[in-house]
Amino acid sequence: MMQETQLLKLELAIRPYKEQIVNHPLYKAIKSIDDLNIFMEYHIYAVWDFMSLLKALQRNLTCVDLPWFPTGDADTRYLINEIVTGEESDIDHKGRRKSHYELYLEAMEQSGADRKGMLALAQQLKAGKNLEEALEDKQIPNAANLFIKHTFDTIRSSKTHVQSAVFTFSREDLIPDMFIAIINDLNAQFPKSISIFKYYLERHIEVDGDHHSNLALEMTSKLCGDSDAKWDEAITGVKEALSVRIRLWDDALEDILAKRTVEI
């Protein structure tokens, strides 16, 4: 009962932030493939660092070292491993195993969105640069830079209950129905340009927004338990994460409107 009360308290505390995201004018501003490409060029960074947050949770909640020993609560191990399986090796539009990040990059390639910033960031990190150095790349939008830094600050905090709360409440269920309708309309006009992105959204809703969100909710409840301090830290962490998401959407919208004005 206490955990149910704390969950309600958290949901009420973050509701204004989530409403800002779900009702953000960015969605209505997407009227063309070019507009959608700008959205994707911002959103890809959130898709990528989402995986880093997920893997941090798996590292903290399970044993990923050798020799292996059982680590933590078995139910929590199951929850995080189930989510990782779906996110890291889901089924793409052709029935092939692929991570959601790889699927998103493929969707960007199909639509003609610019992937250079994200690919350069990945290449620099693989080459051994630290995150701060890699994020100095001017191809990365400033809001995306801030978004990634916040996510990795959350990871470095080593507060697994906060990581889980941010994962659960600021990533999983923030796609409004209106956006789905816009994408469906665009896909009807340009099926060869955004069919993969449409599939990505549908898969996100089917897997992430339903099954995974329920698993993540249970995981967060277990990790926060009956600790008022942990629930309060979770609320603060989610508010901060939603705030940087709003900034990401703000800047994407500004970019769309600015480029539209130049074209006119």
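Predicted model: local features only at pLDDT ≥ 70, side-chain atom pairs only at ≥ 80, totals over all residues.

## Packing of H3 and H4

Helix H3 (residues 33-61) and helix H4 (residues 74-88) have axes that come within 10 Å and cross at roughly 150 degrees. Because angles over 145 degrees count as roughly antiparallel, H3 is roughly antiparallel to H4. The crossing of H3 past H4 is left-handed.

On the H3 side, the contact is made by Phe50, Met51, Leu54, Lys55, Leu57, Gln58 and Leu61. These meet Thr76, Arg77, Ile80, Asn81, Ile83, Val84, Glu87 and Glu88 of H4. By class, the residues of this contact are eight nonpolar, three polar and four charged.

## Largest cavity

Two cavities of 30 Å³ or more are found in the whole structure. The largest has a volume of about 260 Å³. It is lined by 19 residues, of which His43, Arg171, Tyr200, His204 and Arg245 are the closest to its centre.

H3, helix H11 (191-224) and helix H12 (228-263) are the elements that give two or more residues to this lining. H3 contributes the largest share, six residues. The lining of the largest cavity comprises 12 nonpolar, three polar and four charged residues.

## Second largest cavity

The second largest cavity has a volume of about 50 Å³. Its lining consists of Phe147, His150, Thr151, Thr154, Val166, Ser170, Arg171, Ala241, Val244 and Arg245. Of these residues, four are nonpolar, four polar and two charged.

Helix H8 (142-156) and H12 each supply at least two lining residues, and the largest share, four residues, comes from H8. Arg171 and Arg245 line this cavity and are also among the residues closest to the centre of the largest cavity.

Note on methods: Residues numbered from 1 in each chain as written. Heavy atoms only, no water. Axes fitted to C-alpha atoms, helices over the stretch in contact; angles between N-to-C directions. Parallel < 35°, antiparallel > 145°, perpendicular 65-115°, else oblique. Left-handed = near helix turned anticlockwise from the far one by under 90°. Contact = heavy atoms within 4.5 Å. Nonpolar A, V, L, I, M, F, W, Y, C, P; charged D, E, K, R; others polar. 1 Å grid on protein atoms, 1.4 Å probe; cavity = no way out; pocket = protein on both sides within 12 Å on 5 of 7 lines; lining within 4 Å. Points joined across faces, edges and corners; volume = space filled by probe spheres on them.
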